[in-house]
Amino acid sequence: MRGYNLSDKPEEISSYSMPLLMEDVKQLIEAFGEKDCVLVAHDWGGAVAWAFAYTYPQYVKKLVMFDAPHPYTFIRELAENPAQREASSYMSFFQQPNSQDKLLANNSEKLRNMLTEPGIKKGYLTKEEEAKYVDAWNQPNAMKSMLNYYRASSLYPFEERVHKPVALPHKIFHSPTLIVWGNADEAFENSNLDGIEKYVPNVTIHRLDGVGHAPQHEQPQKVNEFMRDFLRK
């Protein structure tokens, strides 16, 4: 995705708007000479994938999501669930103009505490892998670009837009969808899955107890099993 690690890093916040991010996915599919794909996504990639699936459903044969809340249920939870607003309050910090400097200070201490140290404690990340993340975050303009996803979001400024309705071309996505969800995700309340069948009727959900925000890291073998079963159908 643009902005991350060695990918291009356009400077303008507008370069990270959802229509452009969706166009990246569309052009990638077309660059391989394909007309559709199985789209697999997580976190911000998941936000783009949900929007893409609802905007260009003809391009998505099947959809696989790891801990990326559905846009309709997420906005509902932000509006109605104080626990989700609290869990998402980091967004207002990320949207601040100089937040990248604070996140990268002291060898990316804040980011390591947030993202990699928990994985090291649980045993699914190593110190060597953490160093590669730190290198990626410290690529020139990478962190600023990564945070521009939040600054370009329709939830900016976060405190004022949590009640903003979602505007997508379609209300229902009909293609087969797999959701693998860590029940111990600190960023997203489990209630984000409540009522999701209203918007994704052909959905299969696997919940993993004790697993956090990245089930593909914490339980890769189990996640691969879920995906293989899903893709064989």
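Tutor: Tyr4, Tyr16, Trp44, Tyr90, Phe93, Phe94, Tyr149 and Tyr150 form one aromatic cluster. This is a predicted model, in which local features need pLDDT of at least 70 and side-chain atom pairs count only at pLDDT 80 or more, while totals for chains, interfaces and linings use all residues. Residues are numbered from 1 along each chain as its sequence is written, and side-chain values use heavy atoms, with hydrogens and water left out.

Student: What rule decides that rings pair, and how many aromatic pairs result?

Tutor: Rings of Phe, Tyr and Trp (its six-membered ring) pair if their centres lie within 6.5 Å; planes under 30 degrees apart count as stacked, over 60 as edge-to-face and the rest as tilted. The count by this rule is 18 aromatic pairs. In one of them the ring centres of Trp50 and Tyr54 are 6.4 Å apart with planes at 50°, so the pair is tilted.

Student: Where do Trp50 and Tyr54 lie in helix α2?

Tutor: Helices are DSSP runs (H or I, at least four residues) numbered from the N terminus. Trp50 and Tyr54 are separated by about one helical turn because they are four residues apart in helix α2 (residues 43-55). Both Trp50 and Tyr54 are buried, that is, under 20% relative accessible area with a 1.4 Å probe, protein chains only. Tyr54 also forms an edge-to-face pair with Tyr72, 6.0 Å centre to centre and with 85° between the planes. This pair links distant parts of the chain, with Tyr54 in helix α2 and Tyr72 in helix α3 (residues 71-80), 18 residues apart.

Student: Which residue has its charged end over the ring of Phe230?

Tutor: A charge sits over a ring if NZ of Lys or CZ of Arg is within 6 Å of the ring centre and within 35 degrees of the ring normal. The charged end of Lys62 is placed over the ring of Phe230, 5.0 Å from its centre. Lys26 lies over the face of Tyr56, at 5.9 Å from the ring centre.

Student: At what angle do helix α1 and α2 pack?

Tutor: Axes are lines fitted to C-alpha atoms, for helices over the stretch in contact, and angles run from 0 to 180 degrees between N-to-C directions. Helix α1 (residues 18-31) and α2 pack at about 75°, their axes 9 Å apart. Therefore α1 is roughly perpendicular to α2, a term for angles of 65 to 115 degrees. The contact (heavy atoms within 4.5 Å) includes Lys26 of α1 and Trp44 of α2.

Methods. Helices (H or I, at least four residues) and strands (E, at least two) are DSSP runs, numbered from the N terminus. Buried means under 20% relative accessible area, exposed over 50%, partly exposed in between (1.4 Å probe, protein chains only). Angles under 35 degrees count as roughly parallel, over 145 as roughly antiparallel, 65 to 115 as roughly perpendicular and the rest as oblique.
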